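Trainee: Could you take me through one part of this protein up close? I'd like to look at the places where it holds on to its ligands.

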Amino acid sequence: MNIARVVVDVPSMSTDQVFDYRIPDSYLSVVEKGMRVIVPFGPRKVMGFVVDITAESSFHRLREIEDVMDFTPILTEELLSLGKWLADTTLSFYLSALQVMLPQVLKAKYKKEIWKLTEDHHLSETIQTLFAGRDVINFQEVEDRNIPYTQIQKEVKKGLIEVRYAVKSKETKKKVLWVKPMKDPHLLQEYADELSKNAAKQKQIIEYFLENNSPIPLTQLRNKLGITRSPIDTLQKKQLVSVFEQEMYRDPYEHRAFKQSYPLPLTEQQRQAMEPIEKALISEQHDVFLLHGVTGSGKTEVYLQSIQKVLAKGQEAIVLVPEIALTPQMVERFKSRFGSKVAVLHSALSAGEKYDEWRKIQRNEVSVVVGARSAIFAPFKNLGIIIIDEEHETSYKQEDHPRYHARDVAIFRGEKHRCPVVLGSATPTLETFARARKGVYQLLTLSKRMNDQSMPAVEIIDMREELHNGNRSMFSQALQQKIVERMNRNEQMVLFLNRRGYSTFVICRDCGETIQCPHCDISLTYHKRQNRLKCHYCAYEQPMPNACPKCESPSIRYFGTGTQKVEEELNKTFPEAKVIRMDVDTTSRKGSHERLLKKFGQGEADILLGTQMIAKGLDFENVTLVGVLAADSMLHLPDFRASEKTFQLLTQVSGRAGRHHLPGEVMVQTYTPEHYSVILASQYDFEGFYQKEMHIRKTFQYPPYYFLTLVHVSHENHVFVVDVIQRITKVLSTELQRETKILGPTPSPLSRIKNRYRYQCMVKYRNEPNIHVIMKKILQMYEEDIQKNELQITIDFQPYQMM
Ligand code: ADP
Ligand code: ZN
Ligand code: ZN
């Protein structure tokens, strides 16, 4: 077994295969599957993943592995096979599929170090000499001294030393200063009694340690007592306390104490939902569950108690939460229940922090991970459950190579580990709900809210009426009145505006008419330069009308307001109201999201104004009014899921009001109050919406009745890109089956970005067993242009973004 099969770090179609290398004798017992190695490749040396080890190769003269990067596998066998599957199903390189599972730090060229995790005398002599009393050494020294890797590996496996990637970054701190008491309490007490009055700070510190006889991070102590470093130093000089350094994980939640929470006695409906999950856990059966429950129906408690069962069996759990719902409030619920067993992974963490959380998982120091999309790749070896909360969230789909959906990965891993996958949502996707209906997934329902609170009443406000009554502002009379009421009562409000900018549809402000494609049931997109309306699915187009085709009003124009403009108008209309605005502009800095929410939670503002990011997971006692300023801005996106997204969003936003004892109210402003998503959302009628929307999907041939694949092409040369997309469309129409529909080619909704022209075509099909092969052929046709980085072709088998 001296041949390693290696996936090399050369991302190109011709190198997207496994290469054989001989393992030199010195590395024979070192190299394992899932490790990274350095191999010669042409004239270069490149990194590669060992994906298999065999005894034979069909090639004769093999080159040798030059170096070993890891001493323990960084990918398990399961993850290696997951990578292969990902590459095949998303048409991405095997290499990219493996890399997407790893923290950034392991992808870049970071300095490698060896850390000592034990006392010297536990180590072998060679290693002791290597460290020469130090705790950390540069890996280079191993090479310089020619120490056999097997010796390093032996100690690594025993957990005595560790190979780590050093991360240089301002925000990372690997070492933390701690303070601990050095004397018995009675001696401390004596000293404190003798202190003079102007040494109040020293006294405070001593008193702290009298109450808490344990070490505390220095900064935490300073914050707690509001003191500077100097009184601590003074006490250190007197040998009453000691300041010491300790290597520490960069735990982003380290400053927060979490109060232990305990399982609540389940309600009858929770118990009924939990039972089948528990059964699957006990029988180690891979089942997919859809936990369909309105907000506040106790889904999270079901997750927590299911995880508890998993931990009791000595297994691990992954919980996915959408990035924007990964709020401190959400994290707190898991941390309070499972304490330090929980790792948290989200994109706001620095590279170093992510690496630390990942290492905790890899070293089995935690057994629960709560995180955004990529946490689905957590390298657990003994998974007992995978939970995806808010399963309808589109952020679970990665919009870059490899274009995977976390739900699919979850199900793949669930099968391998023979463990249940639980999808939770108040507004599941049509795809998921249809599968649950057919019995492919098991449907579990929580129909009642805890304490039988009813959902807040929703009032739909017809903005056309407002216009007819002479109100041209973006706040209806009714909403203005409610805002004033709340101000007088000192209650808080959330005002919601869909994603800023990007408004491409036209709407008649008199009658609410929007112009749809006659073939695709999506809104036409307004192109300013040509003054025309175009469909981005099928290329239908027409001139922009001067008057509304329905009511002949000239008030037909394209639609859109940004949050900034709303804020200005709010300030004008309600000068005494304090407003916090949350959108991509105000929350781009790390931690600002959390800070703004905290301010709002502490009552420092009356109104929270924001985009989708405020729609989820927020839970503020004092919020009694939620206003949706323009339901239309989502309803008419050029996307066949526009109605579904509107329904989901309105439902979710409504759930933000009246979560506690104060009753809540929701006001939805719209120019199309008769639209079924608006009406059914206001009645919290998911079932009704599902029926209606399924019917439309069937009529216009969309998922879940049909599959979609989007082919997207971009290039700087307009003529060339048009030629490419036309040829692709032609190839597709000859290769695909006759019943399959090819829409386009057409310019993308965003037809030019950064000087690149963008075109696309969409394939709709029911059954196309060779679609992957055919699409791969298309990529191969243009391999050269793609390789030169001039032409981009993306193939998306499960498109969510149609831009
Ligand atoms: P969801 O996740 O469906 O929005 P939660 O799990 O957050 O619902 O539950 C809503 C509220 O009800 C929370 O405050 C939670 O602590 C509480 N709760 C959940 N289950 C129970 C229970 N069995 N007994 C008492 N309170 C519960
Ligand atoms: Zn009109
Ligand atoms: Zn169309």
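Mentor: Let's start with a term we'll need: a residue counts as buried when its relative accessible area is under 20%, and as partly exposed between that and 50%. Keep in mind that this is a predicted model.

Now go to the zinc ion that is ligand 3. Its donors are the SG atoms of Cys517, Cys520, Cys535 and Cys538, at 2.2 to 2.4 Å. Along the chain, these donors follow the spacing C-x2-C-x14-C-x2-C. The angles among the four donor atoms run from 105 to 114°, and the site is tetrahedral. How buried are the cysteines here? Cys517 has a relative accessible area of 3%, so it is buried. Cys520 is buried too, because its value is 2%.

Next, move over to the other zinc ion, ligand 2. Here the protein donors are the SG atoms of Cys508, Cys511, Cys548 and Cys551, and they lie 2.3 Å from the metal. The spacing along the chain reads C-x2-C-x36-C-x2-C. Why do we call this arrangement tetrahedral? The four donor atoms subtend angles of 106 to 113° around the zinc ion (ligand 2), and that makes it so; the cut-off is that all angles lie between 85 and 135 degrees. Two of these donors are worth checking for accessibility. Cys548 has a relative accessibility of 2%, so it counts as buried. Cys551, on the other hand, sits at 35%, so it counts as partly exposed.

Finally, have a look at ligand 1. There are 15 residues around it, and the ones that come nearest are Pro265, Gln270, Gly296, Thr300 and Arg333. Sorted by class, this shell has five nonpolar, seven polar and three charged residues. Helix 11, which covers residues 299-312, gives the largest share of the shell, with three residues. Now zoom in on the oxygen atoms of the ligand. The side chain of Thr300 has an N or O atom 2.5 Å from an oxygen atom of ligand 1.

How values were computed: Residues numbered from 1 in each chain as written. Chains lettered and ligands numbered in written order. Predicted model: local features only at pLDDT ≥ 70, side-chain atom pairs only at ≥ 80, totals over all residues. Heavy atoms only, no water. Donors = N, O, S within 2.8 Å, 3.2 Å for Na, K, Ca; no water. Tetrahedral: all angles 85-135°; square planar, octahedral: opposite > 155°, others 65-115°. Buried < 20%, exposed > 50% of the residue type's maximum accessible area, 1.4 Å probe, protein only. Near = heavy atom within 4 Å. Polar contact = N/O pair within 3.5 Å; in protein donor to acceptor, adjacent residues only side chain to side chain. Helix = DSSP H or I, 4+ residues; strand = E, 2+ residues; numbered from the N terminus. Nonpolar A, V, L, I, M, F, W, Y, C, P; charged D, E, K, R; others polar.
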